[in-house]
Amino acid sequence: MEYFTVNNSTGVRELVERLNGQSFYTNSYDFLLSDELIIYGFLKDESSEYGEGNLFVFGKTVRPDNVILATSDSIFSKIKRYGMSSKYKGLLNAKGEVILPNIYDDICLFAYDRILIEKNGKFGIVDTSGKILAEPKYDQIFDAGEYTIGFIIDNKVGFMNTNGSVVINPKFDKATSYNNFNEGLIVVSETIDGLPYQYCIDHYGLIKGDMEYIGQEDEYIPPYDTYNDDEYSDPLDAYDGDPDARWNTD
C-alpha cells in the first residue's frame with residue numbers, strides 16, 4: 001500500500017474524481033463527499049486492478065442537533081462543542097464502511113501491510129481489514145526488519161511478529177538508535193548487575209555469540225560471519241520458503 005495525504009475539500013473532490021474514473025462502478029467513491037466526513041488520507045491498494053482494498057483515514061463532524069453540552073458547572077458549560085470529533089481518526093474501506101471507528105489521535109501506514117494507530121500517546125497495530133493486532137499500549141513501535149516489529153514499553157525493548165504476537169519479551173535497554181535484523185540476527189543491549197552488555201539474538205530470542213561488556217569506547221562487533229549459515233539466518237528458511245509464515249512462532 002501507499003499513503004497519500006488529503007489536505008482539503010478540493011483535494012477530496014479531485015481524489016473522488018480520479019478514483020471513480022478507475023473504479024469498476026461509476027460514482028463508487030461519492031460517499032467521500034459527505035458533509036459529515038473529513039478525509040485526512042488515502043491508503044492506495046496496489047494489489048488489485050480496481051482498488052478494492054483502498055482505505056481512507058477519516059474524521060467525523062458533530063452536527064448541531066447532536067451537540068452535547070459540557071456537564072460541569074463551569075463558565076464553559078453552555079458552550080456548544082460542534083466538530084470536536086473531527087480531530088479523531090478512523091478507517092473507511094472502499095465501500096464506505098467504517099472498519100475502524102474514529103477514536104484515534106493518528107493513523108498512518110506502517111510496514112508489512114500493517115497500519116499504525118495512536119491513542120493518548122500510545123501506539124498499536126491494525127491490519128488492512130481494521131482488525132486490531134496490537135492494542136495501542138506501546139510507547140513506541142518500529143520496523144525491526146525481516147518481518148519483525150520492535151516495540152518499547154516501560155522503557156524496555158521487545159519484539160512481535162507481523163500478527164502482533166509478542167515473540168521476544170521486553171527486557172532490553174532502550175537506546176538512542178535501533179538496529180534492524182540482519183541475516184537473522186539483531187544487536188540488543190541489556191544492563192546486567194549494573195553493567196552494560198551487548199549481544200546478538202535471533203528471531204526467537206536465542207543468544208548467538210558471546211555477551212560482551214561495552215564501555216564508553218568499546219564497539220560491539222556482531223557475529224554475522226559466524227552465524228550466517230545458521231538455519232535461522234534467512235527469514236524463509238525456518239518455514240520451508242513459505243512467504244506467509246516468516247518467523248511464525250505459533
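This briefing covers aromatic pairs, charges over rings, strand pairing and selected loop residues.

The model is predicted, so local features need pLDDT of at least 70 and side-chain atom pairs count only at pLDDT 80 or more, while totals for chains, interfaces and linings use all residues. Residues are numbered from 1 along each chain as its sequence is written, and side-chain values use heavy atoms, with hydrogens and water left out. The structure holds 11 aromatic pairs. Rings of Phe, Tyr and Trp (its six-membered ring) pair if their centres lie within 6.5 Å; planes under 30 degrees apart count as stacked, over 60 as edge-to-face and the rest as tilted.

**Aromatic pairs**

- Phe159 and Phe172 form a tilted pair, with 6.4 Å centre to centre and 50° between the planes.
- This pair links distant parts of the chain, 13 residues apart: Phe159 is in strand β12 (residues 156–161) and Phe172 in strand β13 (residues 166–173). Strands are DSSP runs (E, at least two residues), numbered from the N terminus.
- Phe159 counts as buried at 2% relative accessibility, and Phe172 counts as buried at 3%. Buried means under 20% relative accessible area, exposed over 50%, and partly exposed in between (1.4 Å probe, protein chains only).
- The rings of Phe172 and Tyr199 have centres 6.3 Å apart and planes at 65°, so this pair is edge-to-face.
- Tyr199 lies in strand β15 (residues 195–201) and Phe172 in β13, so the pair ties together parts 27 residues apart in sequence. Tyr199 is buried, as is Phe172.
- Elsewhere, ring pairs link Phe4, Tyr29, Phe31, Phe42 and Phe56 into a cluster.

**Charges over rings**

- Lys89 lies over the face of Tyr40, at 4.7 Å from the ring centre. A charge sits over a ring if NZ of Lys or CZ of Arg is within 6 Å of the ring centre and within 35 degrees of the ring normal.
- The charged end of Lys119 sits over the ring of Tyr104, 5.9 Å from its centre.

- Strands β15 and β16 (residues 207–213) run antiparallel and are joined by 4 bridges. Two strands pair if DSSP finds at least two bridges between them.
- Tyr197 stands opposite Tyr213 in β16.
- The two strands form a hairpin with 5 residues between them, and Gly205 in the turn has a positive phi of about 85°.
- His203 is placed in the loop between β15 and β16 and is buried, with a relative accessible area of 3%.
- The side chain of His203 makes polar contacts with the side chain of Glu146 (2.8 Å) and with the side chain of Thr148 (3.0 Å). A polar contact is a pair of N or O atoms within 3.5 Å; within protein, one must be able to donate a hydrogen and the other to accept it, and residues adjacent in sequence count only if both atoms are side-chain atoms.

**The β6–β9 sheet**

- An open sheet of 4 strands has the order β6-β7-β8-β9, with antiparallel pairing.
- Its edge strands, β6 (106–109) and β9 (132–138), each pair on one side only.
- Strands β7 (residues 115–119) and β8 (residues 122–126) pair in the antiparallel sense over 5 bridges, and Ile117 stands opposite Gly124 in β8.

- Most residues other than glycine have a negative phi.
- Asn120 has a positive phi, near 55°. Asn120 is found in the loop between β7 and β8 and counts as exposed at 66% relative accessibility.
- Asn155, also not a glycine, has a positive phi of about 65° and is found in the loop between β11 (148–153) and β12.
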